[in-house]
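Please have the sequence and the model open as you read.

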Amino acid sequence: MKVETVDLSVERKLCTLCIMNDNVCKALIPILDKYSTKTAYARFIIDWVKEYYAKYGDSPKGGIKEIYEQKKASIRDEEVASSISNFLESLADDYDEDDYKNLKFHIDDLELYTRLNQIDAFVEKVQGARATGNATKCESIISGFTQKAIPESQGIDLLGDMNKFAEAFDEANIDPLFTLPGDLGLVTGEFFRGDLSACLSTSKAGKSWGMEGLSFAAMSCGCKVMYINLEMRDIELRQRFWRGLVNAPFTTGPVSIPFFRPDKEITEDIDDAMVSYRIDHKIVNMQGVRFDNLKQIEDTMRMRYKQGGIKLFSLPSYTTTWADIENLYNNLVHYQNWMPDVIVVDYFDILGGKEQDYRQRLNEIWLGGRKLALDKNVHVATVSQSNASANEGKEVTLDSIAEDQRKKTHVSVMYGLWANDQQRSDGYVFVKRLLGRGKPRTYDKVVVLQSLDTGQFVVSS
């Protein structure tokens, strides 16, 4: 007899979200049947939720306990009844809505799981009829199979579905994942799920530092960031991120920190826009990197970043593909219960692809990044090389895109980063939004002060 392994974590997630989330009920309940789950306790719970949803139009939430008390007498198997009771008790203590922020991913994951279970049951029926030699019964079973899937789209009637348009303006549906700090965030705009963003910059102008700064900004907003490094040595990557985390130089000593000095004292009568600034520096004696206080650092950082986090991966350039990155993503989700909200790739142009022609391969790669953002409902961020015309610190424009102008058709947001050698030495760079779907808050460029000695892409802006 075949011994079947049941993925209990997925069955538990299915029951949890069907009980607690109205949107999951709306999407999944119409396609669930007795073959959708493998465990007995899940079948009972899904049947109860289906019954409740049909009557009231939403998920039972805390009412599931009352339903259980009413139904438990009809459960003949004491072990199943005990499993349901234990599950419902733990649900009240363990459920956290923040664990399921990327709801689209969870719905897609559960839909696939239940559809495959239904297919398994169908195949078993056909094989059973085939074993008896009953061709007519086999054909009848096959002809009776219908696909049960969430409809991709049924269209929206402008005059008949006005509530759908109201949903489009609901803050819960348009909240950004994260923003960059200060005036830098005003220039770049907000970053959303399902979007692809790119920083366009010259060689050695700080593109990788920009991706580090974006990663810390996302983590500060409670996002989990999957960081794919294809360019620098792994040891250098870890050194950069650790210094950025603890805001420390390599060794104890004086560090020059840039700051904006206003040309006049700002008072209540003077608007900030009326004041001009110059860049000045202060020398600060800072403690270098140390590792004798790791427990204290961990406790402090977990309190500061709460749900947020960053996982670093260093992979080989030119051979790593989107399939490799997606496999890493799936492993984080299914084996570590760690679901990224943001995927940063440093950088797209040195990923591998199937196309032989370089420009066609670039287009394939950038299309793949956009597809991953949509499929996983995450934000994908990268950097891109500008052409030689911007190497002397000239302002980066869309015309500065190197190799393939089609890159700009795949991104939701693109911003330029530039500075000459002296400006970078003085601790500042310029950033300007180059394109984006929505209207930006400003069309100006922003001056970003940095302290790369201590791993800070943004000190002020």
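Let's begin where helix 12 (residues 234-246) packs with helix 13 (residues 294-305), at an angle of about 75 degrees and with axes 11 Å apart. That angle makes helix 12 roughly perpendicular to helix 13, a label for angles of 65 to 115 degrees, while under 35 degrees counts as roughly parallel, over 145 as roughly antiparallel and the rest as oblique. This is a predicted model, in which local features need pLDDT of at least 70, side-chain atom pairs count only at pLDDT 80 or more, and totals for chains, interfaces and linings use all residues. Residues are numbered from 1 along each chain as its sequence is written, and side-chain values use heavy atoms, leaving out hydrogens and water.

**Helix 12 with helix 13**
- Helix 12 contributes Trp242, Leu245 and Val246 to the contact (heavy atoms within 4.5 Å), and helix 13 contributes Leu294, Ile297, Met301, Arg304 and Tyr305.
- By class, the residues of this contact are 7 nonpolar, no polar and 1 charged (nonpolar covers Ala, Val, Leu, Ile, Met, Phe, Trp, Tyr, Cys and Pro, charged covers Asp, Glu, Lys and Arg, and the others, Gly among them, are polar).
- Helices (H or I, at least four residues) and strands (E, at least two) are DSSP runs, numbered from the N terminus.
- Axes are lines fitted to C-alpha atoms, for helices over the stretch in contact, and angles run from 0 to 180 degrees between N-to-C directions.

**Helix 4 with helix 5**
- The axes of helix 4 (residues 64-71) and helix 5 (residues 78-94) cross at roughly 165 degrees and come within 11 Å.
- Helix 4 is therefore roughly antiparallel to helix 5.
- Ile64, Lys65 and Tyr68 of helix 4 meet Ala81, Ile84, Ser85, Leu88, Glu89 and Ala92 of helix 5.
- The contact of helix 4 with helix 5 divides into 6 nonpolar, 1 polar and 2 charged residues.

**Backbone details to look up**
- Most residues other than glycine have a negative phi, and most peptide bonds are trans.
- Asp346 and Tyr347 are joined by a cis peptide bond, with omega about 0 degrees.
- Tyr347 sits in the loop between strand 6 (342-346) and helix 15 (358-376).
- Asn247, though not a glycine, has a positive phi of about 55 degrees, and it lies in the loop between helix 12 and strand 3 (253-262).
- Tyr318 is not a glycine either, yet has a positive phi of about 70 degrees; its place is the loop between strand 5 (309-314) and helix 14 (322-336).
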